[in-house]
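Please examine the arrangement of helices, strands and chains in the structure shown here.

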Amino acid sequence: MKMYVRLLSLTLLTGLAAFGCTGRGAADQARLRETVVEKLRVEDIPNDGGDGLMVSWKPLPKEMRIQEYRIYRGIHPDSLFFLASVQVNVKTGVAADTMYYYDSGYSTFIDIDSPGKLKHEKGNPGSIIYRGVPRDFALAARLSEKFNLYTSIPDKYYYYKSRPARSADKEDETVYAGLKFHQQTIMASLKSPTPGEEPPQYYYTVVPVNERNKYLGIAKPVNGYPTDDRPEASPGLYCVALQDTRKLQFEWDYPLNNSDFRSYMIYALPAISDSVWNRLGDAERNAALAAAIPVTQGPVGSGSLKNYKVLGEGEEEPLPPGLTWETALTRRYVIQFADYGYPAPSPLSSLASPQLATSQNLPLQAKYWVEDKPWDKGDRISVTWEQPIVSLTKTTTLTKKGTILKINYQVNKTDAQRINNIYFEFFEPGAKVPFARINEFYQDNIIRVDIPEKYSLRNKAQVPSDSLMVKMTIAVKPYRLNPKNGRLNYGKTELVKDYELVQYLKPDPVMMAYMPTKELFRNGVEISSIQNVVYRKSYRGSAFSLVKRNTAFENNLDVTVPYVATVNQGVAGFNFIKGDKLYTYMNGKRFSRKVEPGDKARGLVLVSSDIDFTYDAENKTVLNTSIFRDEAAQKIAKLDKDLKKSKDELNVKLATLKTAAPALLPMLQAEIEGLQGGIEKQEQNIKLYKENKTFQAALKYGSNRSMMRYVASVREPEARQHTYMVLKTNGEGLFKESAPDTLKTGEYVYYGPKSNWFDWNKLLTLIAVLIFGIDVVVFVNLAKRGKDLYLRPIAGLEEIDNAIGRATEMGRPMLYCMGNGGLSDVATLASMGILQQVARKAAEYDTKLIVPCYDYIVMPIAQEIVREAHYSVGRPDSFDKNNVFYLTSAQFAYVAGVNGIMIRERMATNFFMGYFAAEALLMTETGNAVGAVQIAGSDAITQIPFFITTCDYTLIGEELYAASAYLNREPMLLGTLKAQDYFKFLILVFVIAGALLATFQVTGLMQLFPLK
Amino acid sequence: MKKTIPLLIVIVGGIIWLAWVFVPHRYLQDVFYYDFYLPWARAMAPFGMLLGVMSLSMMHFSKIRRKAPKWQYSFFFFAGFVITSLAGFIGGTQKGGLYMWLFENMQMPMSATMFALLAFYMASAAYKAFRARSPEATVLLIAAIVVMLAQVPLGVKISKHLPSISQWILDVPNLASKRGIMLGVGLGSVATTLKIMLGIERSYLGGD
């Protein structure tokens, strides 16, 4: 048998053997199966909102080469579904004794990636572990009883693709929106026990997976259930008494777990010392509340609402009854929180004594402004509360004498703010006159300053100990944003008034450097400890919520206001058909009825079809609508029906009142009052829907789709409208809110980002493109009219004919390599032009041309180019499609392939035209070794030196692009070359002019050009 | 017609992409790019790959059929192709499977070997380039020696100024020439794009 066949058989056998016998022996497999994690436990997460469990286990030793631990969860020990995996470094393993996984909050329950049907985990047939909750309605419905579910639906699916669906429960007349599994992502969280009911049990197991992707043993499932815990006490309450305005300011911190916090309450206790209070137990502290005065309370909103309050004259809330200004100063204050589920409030915080201060001690009120972020797609708003902030960050001594300092500084500013100059003044300690002044007209974040020799840290006679003061002022170009087109109009440069920043450079003898101090003074006031906290309130909302806490060194915040892309709804239930029955799972109950005409054959997830539509600002109410037009049209009729029902109920109660026993009268009276109040609200509501023009306009649309298009056009922009405010605070009660951003009528001003049609930052680029375009057109026309356009000779291109001739004479093939670029690389496109010329000549001389392609999209185009070349010179017979082929997209495998071809075919000529990387030298050196003439061309700067050294001719950069025109000699193509040259000249003029002007501190021309 | 429609597609596509650079509006950045272009590009890529695989298979098949020189090696292509594909399709591409084993233990070492050869090729290329045959080559030789010496501790021992001279060579003449080339490349790219958009350059359509 021939050696080749033997070799091939050997390779195949090795491959198949490796494929079939990748595992170890059966004994090893069994041993692996028996290896399970130890000490697997499930515990409630302390201090949480009652939706979290903590799974812990002892990790396996690193010798087991574990790559991940997979966690499975279920509501029965017989079937557990994949939940999450914890990745582990195979080499180091886990050093800790215990590993944890926190199953808290919402995790994906079913999405488009979930298995279509119930599937056991890979390699574990018949076991208790499954790949994930499948997209199976019956199973999902059963599991849903033990979880809180909500679904996130892409808005287009919810608006236009949901189907009206009804429950199998005959008493339920609601029309739900029904969606298929692949149209949404359903999320699940654990349920905490309902009082009086059996707690839901959740089962967990952990399966280690080794580096060979083999599943080790499945640990015996353990179970547990989450419990709602008592909220934690506040870590800090601060109270400041402003003596001049007689106001009490409170500020507090939240504990880490605050996701279900609902409200806070502050109490004033009689004077008591901290040591006594700290010794008291929880019960004693609560008992002390009997003598306390409730000072204030409010919502917390899971820790996102304001964490401060001001009480006193002129504020929303005055001091509470029983608390005068004088007594308020003697009291001690505590705070406690209540959450949504736990019946008792948190323990009381530590005592806060009022710190005496005056309004002068408060941070300066932020004068902020809100504007649309310019030149964006309309999903950002910029909140700016300060002029640009300059701060020093680092210093380096440059010379041996230590008298020149290189100082790095940073500037925090918005994209729109433009600084023309930063003036740095350096002062000796106590001096009034600076010893150095620097005008930083081009901000490269580095300045160099000469310091007196006595302040040199290399001065061995005496190391300085005093700090140098650096005063910074700025000159900016004020701007105005044109809201119509998003363009910024800049005014003349001016020095910012009353804006002087001071920072100190403190000598550090150990580091042998001047260290910029953390303290930053603005107009003499230290501001580095002041936080700038941004809050916002949505157009439909009622309270301000936290956006971000910013440091004193930041002067702005870009707030992302994303476009509405999904609709989140709670999962109401599941509908599915089995046999001739329709089943509905809803609120833990199962309903069934016979299938009726119109019931959809496939299962559906049921969600509410009601959606928030528009905000009635006058009545401060959000109006809802059904996403189905017919249902929406019946909204008022339904409200009328509810009203009638309430009125009937009231009449019944009134009739009962006449005959009721005297003991029941107070209770009945209260019920009647409640019903009357409800009826009043219902009547108002009906009036609201009847009179709201937007709601009525929606009903005029004839179809679901058109109505929902209108609904989306109203609700989505409304949801993106916000008003903003900035709080300046030291975090300990000294804070000042910005003035409310309101109109004269007292209404808040709301801002929504706008999508811009033009990026004005790129105006100059567009102008340059247009000039270049005109340039090209002019020269193409000149060339067409026959004007002789001189092109300098390019040796590499002149020699192409000779190289092809050489291959023909030698009777050996040629190789054309297009590099590793794709079709989106301009170098590849340019290379195609050259290939066309080379292929023509090759076809003409009947020389074999081999084109191995790196990119499979480039390959068919290259084939077409070569085929066309053969046809154009009348040699279609000599075209062999197999000479232009796809080789591989792996970089070094491509090199191996090309080098092999070069050596086997003994190439006479090699062309390397296109984009190349590290493979360039490997190929050209091989070409050199086989004695081929080599012509290369590339725009990859890093590879050009290698081409120059190993190839006979090299096209550098733009010469590659010019090659097609050069070889073709077509006037149209030549015209573009000339245009390019003239444009290059224009750029050169600007480069020289810009450099000269900048040298003389005229930076206008430089700033005209965008940096990116 | 055979070329007009592709040309029109290219021109319209070119204009849209040009607008994409200057227009930050959501319709272009999100609706066109994320909702339209990316899904289409992802959907088309496998077809391109299929074309590539077919081309390579046909080329090797034809070699075997024609008994072209060294045709026997083409069997190895098919063997590798079949084994890797089976390993990927049946065993999956995740870590621990045969596919990843082949990648880590065959392709990676072979690629690393090829890459390691680069060092020797560089030495050979450097020898060719640094022969002081002309004044330009001599300048190149001196510059190379300075830059190379500055990278090693010995260079600082020879002269403490060597690192700063080396940095100057890299920052000034080297960077200036690099930027010159980049400027040309940038303009050339724009010119080529314009040529394609205006229908002047049509070689990518397979001919004039």
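In this predicted model, helix 13 of chain A makes a right-handed crossing with helix 22 of chain A. On the side of helix 13 of chain A, the contact comprises A:Phe772, A:Asp775, A:Val776, A:Phe779, A:Val780, A:Leu782, A:Ala783 and A:Lys784. Helix 22 of chain A contributes A:Pro971, A:Met972, A:Leu974, A:Gly975, A:Thr976, A:Lys978, A:Ala979, A:Tyr982 and A:Phe983. Sorted by class, this contact holds 12 nonpolar, two polar and three charged residues.

Helix 13 of chain A spans residues 763–784 and helix 22 of chain A spans residues 971–999; their axes lie 7 Å apart and form an angle of about 135 degrees. Angles from 65 to 115 degrees count as roughly perpendicular and those over 145 as roughly antiparallel. The two helices, helix 13 of chain A and helix 22 of chain A, are therefore oblique to each other.

Elsewhere in chain A, strand 16 (residues 261–269) pairs with strand 19 (residues 332–339) of chain A through eight bridges in the antiparallel sense. Within this pairing, A:Leu269 is found opposite A:Arg332. Strand 16 of chain A also runs antiparallel to strand 17 (residues 293–299) of chain A, to which six bridges join it. Here A:Tyr267 faces A:Pro294 of strand 17.

Finally, there is the contact between chains. In chain A, 74 residues are in contact with 64 residues of chain B. The side of chain A that touches chain B consists of 41 nonpolar, 19 polar and 14 charged residues.

Note on methods. Residues are numbered from 1 along each chain as its sequence is written. Chains are lettered from A and ligands numbered from 1 in the order in which they are written. This is a predicted model: local features need pLDDT of at least 70, side-chain atom pairs count only at pLDDT 80 or more; totals for chains, interfaces and linings use all residues. Axes are lines fitted to C-alpha atoms, for helices over the stretch in contact, and angles run from 0 to 180 degrees between N-to-C directions. Helices (H or I, at least four residues) and strands (E, at least two) are DSSP runs, numbered from the N terminus. Angles under 35 degrees count as roughly parallel, over 145 as roughly antiparallel, 65 to 115 as roughly perpendicular and the rest as oblique. A crossing is left-handed if the near helix is turned anticlockwise from the far one by less than a right angle, and right-handed if clockwise. Two residues are in contact if their C-beta atoms, placed from the backbone, lie within 7 Å. Ala, Val, Leu, Ile, Met, Phe, Trp, Tyr, Cys and Pro count as nonpolar, Asp, Glu, Lys and Arg as charged, and the others, Gly among them, as polar. Two strands pair if DSSP finds at least two bridges between them.
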